[in-house]
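I opened my notebook to look around one protein and write down what I found. Come and look along with me.

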Amino acid sequence: METLKNIIIYIFGCLLLAISLNFFLIPANVFASGFTGIAQILATLTPISTGISLFILNIPVAILGWRKIGKRFTVFSFINVAISTFFLEVIPVIKISEDILLNSVFGGVIMAIGAGVILKYGSSTGGVDIIALVLARYSERPLGTYFFVINSIIVLTAGLLFDWEKALYTLVTLYVGSRIIDAIHTRHVKLTAMIVTKKPDDLQKAIHEQLTRGITRIPAKGGYSKEDKEMLMIVITRYELYSLKQIIAKVDEKAFTNIIETAGIYGLFRKDN
């Protein structure tokens, strides 16, 4: 039932992505972020549609994600790409407004809502997300660096293909989208979870079975109950937040968890280091 609920949510998110593109961004020649924006560029330069370009681009990325990240995350991400491609192909491209600013803002908002709900329920829209995750695991650079590089290329290409005004409106779309996703699901590269629990051994074992992250265990005592507990501190990426919530709910639903943004980390991050 949990998987079925997630799939329904993913379909809804992909539908919003397609609507934002075919009703707002594509008619206005304003580009989205990531692989979606690259697919728009290819559709402008070639006879291949945005949906098909998006699907083709994600095939090698799905193989990379399968080998380097994890099966569940990659499978659902690729399913989202396939669903998005389907909606992009069946929904006609319709110009709702002649105002490019309205198209940029509403396209960014609707796309961000779609991407945000998909992220919130433990998946992604594929593409740059998976590439950035893999690169970040094997380098010292944060995820944000790779997103910035890809999106900068998209903005520059928009300026060269059309005009620099279009590039500025593409920036508006990217900014609006990032703010909306922040409101729905955190986009911070790293998060710190502090979990106060009575079942530290069971919880640590469950987390290590699914997440390749180190855990620091700190003795804790209930201020009111005076009960002895432990606090498990773990640093995760935004993609792992949904999985961590599921693990905690399954092992110790009474655990108290505080999630905070992490400005930076030093030292070992992966469990297998």
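**Entry 1: a word I need first.** I call two residues in contact when their heavy atoms are within 4.5 Å. I also remind myself that the model is predicted.

Entry 2: I looked up helix H9 (residues 200–210) and helix H10 (residues 241–251). Two packed helices are described by the angle between their axes and the distance between the axes. Here the axes come within 10 Å and cross at roughly 145°. The crossing of H9 with H10 is right-handed. Which residues meet there? From H9 I listed Asp 202, Leu 203, Ala 206, Ile 207 and Gln 210, and from H10 I listed Leu 244, Ile 247, Ile 248 and Val 251. Sorted by class, this contact has seven nonpolar residues, one polar and one charged.

**Entry 3: stepping back.** How many helices and strands does the protein have? I found 10 helices and four strands. Going from the N terminus, the order of elements is α-α-α-α-α-α-α-α-β-α-β-β-α-β. The protein has 273 residues, and 46% of them count as buried. Among contacts with a separation of 6 or more, 74% join residues 24 or more positions apart.

**Entry 4: how confident is the prediction?** The average pLDDT of the protein is 82, and 88% of the residues score at least 70. Where is confidence lowest, and where is it highest? The lowest is in helix H6 (residues 128–137), with a mean of 71, and the highest is in strand S2 (residues 216–221), at 91.

Entry 5: I started with H4 (residues 71–90), which has 20 residues. At 1.5 Å a residue, H4 should span 28 Å, and its end C-alpha atoms are 29 Å apart, so the two agree.

Entry 6: An α-helix has 3.6 residues a turn, so residues three or four places apart point the same way. In H4, the buried residues include Phe 73, Phe 76, Asn 80, Ile 83 and Phe 87. In H2, I noted Gly 34, Phe 35, Thr 36, Gly 37, Ala 39, Gln 40 and Ile 41 as buried.

Entry 7: Ser 77 sits in helix H4. Is Ser 77 buried or exposed? Its relative accessibility is 0%, so Ser 77 counts as buried. Leaving out residues up to four places away in sequence, Ser 77 touches Ser 123, Ser 124, Thr 125, Gly 126 and Ile 130. Ser 104 belongs to helix H5 (residues 100–120). Ser 104 has a relative accessible area of 0%, so Ser 104 is buried. With residues up to four places away set aside, Ser 104 touches Leu 25, Val 30, Tyr 169, Val 172 and Thr 173.

Entry 8: Ile 150 lies in helix H7 (residues 143–161). Its relative accessible area is 23%, so Ile 150 is partly exposed. Ile 150 and Gly 34 are 116 residues apart along the chain, yet their C-alpha atoms are separated by 6.4 Å. Beyond its neighbours within four places, Ile 150 is in contact with Gly 34, Ile 38 and Val 128.

I then moved to Phe 256, in strand S4 (residues 256–261). Phe 256 has 55% relative accessibility and so counts as exposed. Not counting residues up to four places away, Phe 256 touches Met 194, Ile 195 and Val 196. Phe 256 and Met 231 are 25 residues apart in sequence, and 9.1 Å apart from C-alpha to C-alpha.

**Entry 9: two positive phi values.** Most residues other than glycine have a negative phi. Asn 29 is not a glycine, and its phi is positive, about 55°. I found Asn 29 in the loop between H1 (2–28) and H2. At 29% relative accessibility, Asn 29 is partly exposed. Lys 226 also has a positive phi, near 65°. Lys 226 is in the loop between S2 and S3 (228–237), and with a relative accessible area of 53% Lys 226 is exposed.

Notes: Residues numbered from 1 in each chain as written. Predicted model: local features only at pLDDT ≥ 70, side-chain atom pairs only at ≥ 80, totals over all residues. Heavy atoms only, no water. Axes fitted to C-alpha atoms, helices over the stretch in contact; angles between N-to-C directions. Left-handed = near helix turned anticlockwise from the far one by under 90°. Nonpolar A, V, L, I, M, F, W, Y, C, P; charged D, E, K, R; others polar. Expected span 1.5 Å × (residues − 1). Buried < 20%, exposed > 50% of the residue type's maximum accessible area, 1.4 Å probe, protein only. pLDDT = per-residue confidence, 0-100.
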